[in-house]
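Hi there,

Here is the structure I promised to pass on to you. Please open it first and keep it beside you while you read my notes below.

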Amino acid sequence: MLEPMMEMVSQMGSYIADTSYFPVLHGIHCYATSASLRSQQGALEFAHAHPLASLAGNLLIGNSGGVLTAAALGLPLIAPFGNAANTLTAVFIWWLVYFGPGDVVFKAYKFKPLQMLMITARETRRCKKILDAVNVAAAVANGRWIVLVLVGALGGCSGKFLQATEQSLRKHTSDISKSEFLQISFVTKASLVISTVYVLIKADVVSLTVPQGLFLCSAALVAVNLSMVLAGLPDPFHPIANATWRVVSIASKGPDAEKQGEKKDNKKEDNKKEKSTD
């Protein structure tokens, strides 16, 4: 029973791998990126006052995966903008989102069924981009597994790192409180995990083929994102991060810190009991 199922998974993964980015996946990505940036406070006013700067920011974040991957591997930074069809499509969609007649295109972005379709397409594209970044890194630094994992993750979450820079330039501030380095998002965590899975598959540590890994990662990422958006579920990595931080903080402070923490917890419980009796 397992073999036919894995064969079907392989076929679905091969179909995803062979699916072209242009025009569907690329167009949905450009649409979601421009609409997400426009949703930020002051973005529309900035676009009307400085259209070229707004367009440049949208193009940079839309191609951030290719730009940061190229920067990490010492490749030409302009290469992601070399495809004329992709770039012109991104420019046209940016114009529709910011200046389209009746603001219909931007309003459609908030339609829930459409969001579900875009999430499915975007997260599938993200998994493909992570795999592409791992393959590019393997051609440059094969055998350096940490490099492959980090570059692969950049292929999926680079937009999060550049958004803080775009906001700082747009608002003329140097506020880094929302930087991805300080507040790691679910996208970055998931990209690291998926990149690690791909690298383990390439190293023959995990007994899966690349198409199988691509489909399973895509399905998991789509399912988690849909549950977070539609059902309001929290980041599934939060419990792991909190548990890890508690272990690290206790280990760094020693056993006395653990005892003090237990005493504080006991005091809080005693205070609650006293308040309830009052």
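The mean pLDDT of the protein is 88, and 88% of the residues score at least 70; pLDDT is the predictor's confidence in each residue, from 0 to 100. This is a predicted model, so local features need pLDDT of at least 70 and side-chain atom pairs count only at pLDDT 80 or more, while totals for chains, interfaces and linings use all residues. Residues are numbered from 1 along each chain as its sequence is written, and side-chain values use heavy atoms, with hydrogens and water left out.

Which elements have the lowest and the highest mean pLDDT? Helix 13 (residues 255-277) has the lowest, at 48, and helix 6 has the highest, at 97. Over residues 272-278 pLDDT stays under 50, and the model has zero contacts there beyond four places in sequence. A contact means heavy atoms within 4.5 Å. Where pLDDT is low, the predicted coordinates should not be read in detail.

**The overall picture**

The protein has 13 helices and zero strands. Helices (H or I, at least four residues) and strands (E, at least two) are DSSP runs, numbered from the N terminus. Of the 278 residues in the protein, 38% are buried. Here buried means under 20% relative accessible area, exposed means over 50%, and partly exposed lies in between (1.4 Å probe, protein chains only).

If you take the contacts between residues at least 6 apart in sequence, 76% of them join residues at least 24 apart. The protein exposes about 16500 Å², and carbon and sulfur atoms supply 65% of that area. Accessible areas come from the Shrake-Rupley method with a 1.4 Å probe; for residues, only the protein chains shown count as cover.

**A patch on the surface**

Leu-2, Met-5, Met-8 and Met-12 make a nonpolar surface patch of about 400 Å². Patches are made of residues with over 30% relative accessible area and no salt bridge: like charges are joined within 9 Å, and nonpolar side chains (Val, Leu, Ile, Met, Phe, Trp, Tyr) within 5 Å. A salt bridge is a side-chain nitrogen of Lys or Arg within 4 Å of a carboxyl oxygen of Asp or Glu. Leu-2 sits in helix 1 (residues 2-18), and it counts as exposed because its relative accessibility is 57%.

**Backbone details to look up**

Have a look at the peptide bond from Phe-22 to Pro-23, which is cis, with omega near 10°. Pro-23 belongs to helix 2 (residues 21-38).

Two aspartates have a positive phi without being glycine. For Asp-103, phi is near 55°; you will find Asp-103 in the loop between helix 6 (84-99) and helix 7 (104-108). For Asp-204, phi is near 60°, and its place is the loop between helix 10 (186-202) and helix 11 (210-230). Is Asp-204 buried or exposed? Asp-204 is exposed, because its relative accessibility is 69%.

**Thr-69 and its surroundings**

Thr-69 is part of helix 5 (residues 64-73) and counts as buried because its relative accessibility is 8%. A polar atom of the Thr-69 side chain lies 2.6 Å from the backbone oxygen of Gly-65. That is a polar contact: a pair of N or O atoms within 3.5 Å, where within protein one must be able to donate a hydrogen and the other to accept it, and residues adjacent in sequence count only if both atoms are side-chain atoms. Apart from neighbours within four places in sequence, Thr-69 touches Ala-133, Val-151, Leu-154 and Gly-155.

**Around Asn-225**

Asn-225, in helix 11, is buried because its relative accessibility is 13%. Its side chain reaches the backbone oxygen of Leu-221 at 3.0 Å. Beyond four places in sequence, Asn-225 is in contact with Ile-119, Glu-123 and Phe-186.

Phe-186 lies in helix 10 and is buried too, because its relative accessibility is 10%. Phe-186 and Pro-236 are 50 residues apart in sequence, with 8.2 Å between their C-alpha atoms. Among the contacts of Phe-186 beyond four places in sequence are Leu-221, Val-224 and Pro-236.

Met-116, in helix 8 (residues 112-141), is partly exposed because its relative accessibility is 35%. Leaving aside neighbours within four places in sequence, Met-116 is in contact with Leu-226 and Leu-230.

Happy exploring!
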